[in-house]
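I opened this model to look up how its elements pack and pair. My notes follow the display.

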Amino acid sequence: MKIPVSAIRLPTRPSREYESRFDREQSMLKMLAIPITSVILASMVTTLPVFSAGPLLPPFGLLMFLSWRLMRPGLLPIWSGVPFGLMDDLFSGQPFGSAGLLWSLAMLVVEIIDSRAIWRDYLQDWLIAALLITAVLLGGWWISGLAHATPKPEILFPQILLSILLYPLIVRICARLDSWRLAT
Amino acid sequence: MAPPPHRRPGFSRKAQYGLFATYVVAIAGTIVAALLLTISVVDPTGFSALRTFGSEVTAPVARVVNDARQSTQAITHNVSAYIDAASRNVTLEKELKANRTALIEARALRVENARLRGLLKISDDDAQQVAVGRLISSTASSTRQVATLSIGRNFGVERAQPVRGPAGLIGRVIETGPTTARVLLVTDSENLVPVMRASDGLPAFSSGLGNGLVLIKPLNLGESPFKVGDIIITSGNGGLYGANIPFARIIRKTSDGALGLPFADPANTPYAIVMKPYLGEARAAQQALAPDGETKEVAE
């Protein structure tokens, strides 16, 4: 028996019952706003009441930024490290401009890697992210040493380790956000 | 994932120039960020307005979350108080009896002290409190140890005012906004506090180590005179931090000093008191007569 196409009822939300099911456009606002908002909100995590004896809280803004960059090359423009980094500087307590410089340099490094190693797997991306996280955190320590007295760099090791181990989780959050971003 | 093919724009001049322009913008942006960084390293106050704006904007969320956090802590504390209550009650009663005698003696000493001060005509400018707030967040991801206070300029909080909690000294105010202020904690490497040993008044300096501990260095040279368990209090020298504020307990001896654990834990302090700078009026009077001259106080 042949079932007419009009009889097949796909489970949809009630509100979308009468919308066309094909040729839908993605929302431009969602496509742009989700990556930007997620990075900025991740930068703002430091304003929550989290108190630690040393620098222990991973730089969530940087992790989110690197995840978007490595998971979706070409989504964030090459210069986006500067505005995102300056936004992060407002909340991180580092001298203003430190993340703006370091994130932008990280972005350029990823761009160079992208032109050399084009097809990469997830582990290679994780390795790149790990190296960049280490470099940015040590760079932040050095910059903060230019302006203020700073402790020894060993104090950063737990934070670096924690950030590297947290990267896969952040990539998964990014992937979820990405499928929401591109959903019609 | 492989990058999209936009980096090989083919023969289109427009696409080629567009790609080139993004690289130019990226490099220029990096240079601008480096310049901003240079400015903020040379003049750390320069961008404090922006930072203040950031903390003002996020303060409402931080306040709500902090309230929730503190009430959760109160619940767990109340529940754990029931466990083992009877035996603890007995111990506490014993302690209370022992302490009552010490308390009476201390009260007598205070009266005597006031009388002696009256005889010597020492006018004590007592550390007066400006306002009481709470610590609502901290820069837990940076090597700097800066916390955000829930009150600001509207409550009379100003730069270079000491902040203490019920347990001990927390730090000093370095930036103020209308409803928030930033506090440099005593555990920051830049924060130097003149202190002394409570038992004999041995003068020392404390500097933060950035990992939640402070390094206590005695003024006199030689072998470290500290013992594990020594109580360190502020000495009031220099006139910023008031005298006799509980500061830290020695937990380890080093070759030329000792490591101390501050009494005030920013994560656990129920409130923070902002105080007037100790001997602030005397210093202002001295500055009016003989200003510091070339040596300007470097702002945070």
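**Barrel, helix pair, interface**

I started with chain B: a closed barrel of 6 strands runs β7-β8-β9-β12-β11-β10, with antiparallel pairing. Pairing here requires at least two DSSP bridges between two strands. Neighbouring strands of this sheet are turned by 40° against each other on average, direction ignored.

The model is predicted; local features need pLDDT of at least 70, side-chain atom pairs count only at pLDDT 80 or more, and totals for chains, interfaces and linings use all residues. Residues are numbered from 1 along each chain as its sequence is written, and chains are lettered from A and ligands numbered from 1 in the order in which they are written.

I then checked one strand pair. β10(B) (231–234) and β11(B) (246–253) pair antiparallel over 3 bridges. Ile233(B) has Pro246(B) of β11(B) as its bridge partner.

Next, the helices (DSSP runs of H or I, at least four residues; strands are E, at least two). How do the axes of α1(A) and α3(A) cross, and within what distance do they come? Helix α1(A) (28–43) and helix α3(A) (81–92) have axes that come within 9 Å and cross at roughly 25°. I therefore logged α1(A) as roughly parallel to α3(A) (angles under 35 degrees; over 145 is roughly antiparallel, 65 to 115 roughly perpendicular, the rest oblique).

Last, the interface. I found 53 residues of chain A in contact with 47 of chain B (C-beta atoms, placed from the backbone, within 7 Å). On the chain A side, α4(A) gives the most, with 8 residues.

Conventions. Axes are lines fitted to C-alpha atoms, for helices over the stretch in contact, and angles run from 0 to 180 degrees between N-to-C directions. Two residues are in contact if their C-beta atoms, placed from the backbone, lie within 7 Å.
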